[in-house]
Amino acid sequence: MGSDAAPGRRRALALVGVAELLAMTLWFSASAVAPELTALWDLSPTEAGLLTTAVQLGFVVGALASAALTLADVLRPRVLLAASAVLGAVATAAIALFVDSAAPAIALRFLTGVALAGVYPTGMKILAGWFRRGRGLAIGVLVAALTVGSATPHLLRAVGGGAGSVGDPRLVMLGAAGLATVGALLMLGVRPGPYAAPASPFDPRAVVRIARNRGLVLADLGYFGHMWELYAVWTWLPVYLAASYAARGAPAVSTTASLLTFGAIAVGGVGAWTFGAAADRVGRTTVTSVSMVGSGAACVLSGVVFGASTVVLAPFVLAWGFLIVADSAQFSAAVTELADEAYVGSALTLQTAVGFLLTVGSIQLTPVVAAAVGWRWAFAPLAVGPLVGTLAMLVLRRSDDASKLASGRG
């Protein structure tokens, strides 16, 4: 970050990073305690799965609407992010306080996803306004915050929000809602950066121009391949771990699975941070390709280590968690470098919208595969995503647009 001389950039990075971490605890706030909610509300497996899928779908709808209306470029970003975090917090708290059945919970989870569409892409746009050089590291820190925030409900569950205690699942959701509200207040203290583009007028043709930018399309394809794997693994890893323990005759302790899941997701924050710094030095296409090759291989190797002892399984899932999200920020950083400066926010929002739409398919596909072949090989089909993503980034590396990435490093 030393190459970027914008005064106040470190303060902005710290505030946005902490705000994103706190707001993104909403994402898995209900999913982390799905086993307890299933028992409390007598949910079917489909209804329990929708606690996660509804958030993904809500995010897609919110992001597409935001991109079509270019909200991230028309409204003041810090206000949009803060208001979105509060809306998500209210929806999550409402589940904990007033809901005792599937339908309203799923509807409120959908609304939470809509709200989060104003949090994640907007945070990236804000940081793009503070960092010109060092942007890969800055957005890497943001994704690290998002990753740790997404993991936090599993930690809350492990230390007392679940594991069979009636009423505790609601405390996890209330805790996430409170944290998100604090994040919203922090965002109000972030001012626009010196590289921020001025507010742009609504332009319905902006999305068409974004879709015609070949470099952007390749960066988006890389992101889509990455997303096909990411959220399916994050969603179903606790179930895979429980099945793995059961396969070797060990007790399937929910607390152990929650702690391992928290560790595997949270360590991705370290991956996003370190790979962000590396991308600014060696290039975004190189870093993303290395990360996807590693995580794609882990999809297949998960079948090999299935049923192994914790001494083998824990390092494996931690290494996988490190790699699986290490590349995420670099696809977004590439968009900020390839897109029309006036509509960077909309380009980021469109990228994330389509990426999260794909996660709905992979999240739903994984248990279907598990029902057919068992959890040992349930993650293997996810390797297709990193394969496609790696190929797209290698093509981008050989294109003229590579000169725009990471100060010419590709």
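The model is predicted, so local features need pLDDT of at least 70 and side-chain atom pairs count only at pLDDT 80 or more, while totals for chains, interfaces and linings use all residues. Residues are numbered from 1 along each chain as its sequence is written, and side-chain values use heavy atoms, with hydrogens and water left out. The structure holds four salt bridges. Helix 15 is largely enclosed by the rest of the structure. V300, L301, V304, V373 and W377 form a nonpolar patch on the surface.

**Salt bridges**

- A salt bridge is a side-chain nitrogen of Lys or Arg within 4 Å of a carboxyl oxygen of Asp or Glu.
- R157 pairs with E36 in a salt bridge, and their closest N and O atoms are 2.9 Å apart.
- R157 lies in helix 8 (residues 135–161) and E36 in helix 2 (residues 34–41), so this pair ties together parts that are 121 residues apart in sequence.
- Helices here are DSSP runs (H or I, at least four residues), as strands are (E, at least two), numbered from the N terminus.
- R157 and E36 are both buried.
- Buried means under 20% relative accessible area, exposed means over 50%, and partly exposed is in between (1.4 Å probe, protein chains only).
- R284 and E337 also meet through their side chains in a salt bridge, at 2.7 Å from N to O.
- This second pair links distant parts of the chain, with R284 in helix 13 and E337 in helix 15 (residues 328–338), 53 residues apart.
- D401 forms a salt bridge with K404, where the closest N and O atoms are 3.3 Å apart.
- D401 is buried at a relative accessible area of 15%, whereas K404 is partly exposed at 44%.
- Salt bridges that share partners join D280, R284 and E337 into one network.

- Among the buried residues of helix 15 are S328, F331, V335 and L338.
- S31 sits in the loop between helix 1 (9–23) and helix 2.
- S31 counts as buried, because its relative accessibility is 16%.
- Beyond its neighbours within four places in sequence, S31 is in contact with L51, T52 and R109.
- Contact means heavy atoms within 4.5 Å.

**The nonpolar patch**

- Together, V300, L301, V304, V373 and W377 have about 440 Å² of accessible area.
- Accessible areas come from the Shrake-Rupley method with a 1.4 Å probe, and for residues only the protein chains shown count as cover.
- Patches are made of residues with over 30% relative accessible area and no salt bridge; like charges are joined within 9 Å, and nonpolar side chains (Val, Leu, Ile, Met, Phe, Trp, Tyr) within 5 Å.
- Helix 13 (residues 284–305) gives the largest share of the patch, three residues.
- V300 is placed in helix 13.
- V300 counts as partly exposed, because its relative accessibility is 40%.

**Backbone angles**

- Most residues other than glycine have a negative phi.
- A406 is not a glycine, yet has a positive phi of about 50°.
- S407 is not a glycine either, and has a positive phi of about 55°.
- A406 is in the segment after helix 17 (384–397), and S407 is found in the segment after helix 17 too.
- A406 counts as buried, because its relative accessibility is 3%.
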